[in-house]
Amino acid sequence: MECAGNGRARLHPRPVSQPWLVEAVGTADWTGVPLRHVLEAAGVADSAVEVVFTGADHGVERGVEQDYQRGLPWEEALRDDVLLAYEMNGQPLPPQHGHPVRLVVPGWYGMAHVKWLREIKLVDEPFTGFQNAVAYRLKQSADDPGEPATRIEPRSLILPPGFPDFMSRDRVVRPGPLTVTGRAWSGHAPITRVEFSTDDGTTWADAELDEPGPRWAWRGWRANWRAEPGEHLLTARATDAEGHVQPVSEPWNRGGFANNLVHRVPVTCIDD
């Protein structure tokens, strides 16, 4: 699961919202009831177009008082892996993750995974609530209607090697062989390739992928590097089975959504 705003703070100019760097992502083991089973038991009219989910959270965004509501297209709602989840990693959902029940829509950004779920409603036309029609859209300007953020774009992150410099937070390593590791994922298709670079993408080499895990879990990778004294910029990019590749230049938009720009980690190698 990844926040649609993950990576927002790395955009220039930086959009005004929560300043996520690359930390708003994680993999968990969810337990719940397939939404499809609940809908089938309730009985659904042929005219259903979307399913609208309402959470218990209530507030004001851009001057609009609202419950948090999201509409999910009917064909997505009927997937076998879309859950009304009540456990996370074998334990009851903690409050911050949506106790007692939340929606889980694998492959979609986190805004679709409505927490503290209190109502499910079917509608016969596309939902036009704030969180669908105004928020979470890829806009270039204030008057641009934009396209909705939906599936998670492919991303690979590097586990920074070595130790940090106090002020810059850049990493410091010593000369010699190192194994650099990371994680990669995509909401479109399984990860099939991760490339690693020590010179900010001037040259690339394929990383070694871990064996695939569950379909929607991230996939580990590793790359060998012999560090030489000097400044280096480590970079990684992922490719999925449908051919989606991380960009090397930022995909800027007004809301700062779906920024899957390649991860860059500055590293200084110092002599013993």
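Visitor: How many aromatic pairs does a search of the whole structure find?
Guide: This is a predicted model, in which local features need pLDDT of at least 70, side-chain atom pairs count only at pLDDT 80 or more, and totals for chains, interfaces and linings use all residues. Residues are numbered from 1 along each chain as its sequence is written, and side-chain values use heavy atoms, with hydrogens and water left out. Rings of Phe, Tyr and Trp (its six-membered ring) pair if their centres lie within 6.5 Å; planes under 30 degrees apart count as stacked, over 60 as edge-to-face and the rest as tilted. For the whole structure, the number of aromatic pairs found is three.

Visitor: Which class of pair do tyrosine 136 and phenylalanine 257 form?
Guide: The two residues lie 121 residues apart in the chain. Their rings are 5.1 Å centre to centre, with 35 degrees between the planes, and the pair is tilted.

Visitor: Is phenylalanine 257 buried or exposed?
Guide: Buried means under 20% relative accessible area, exposed over 50%, and partly exposed in between (1.4 Å probe, protein chains only). Tyrosine 136, at 21%, counts as partly exposed. Phenylalanine 257 has a relative accessible area of 9%, so phenylalanine 257 is buried.

Visitor: What is the angle between the planes of tryptophan 185 and tryptophan 218?
Guide: Tryptophan 185 is buried at 7% relative accessible area, whereas tryptophan 218 is partly exposed at 30%. Their ring centres are 5.9 Å apart, and the pair is tilted because the planes are at 50 degrees.

How values were computed:
Helix = DSSP H or I, 4+ residues; strand = E, 2+ residues; numbered from the N terminus.
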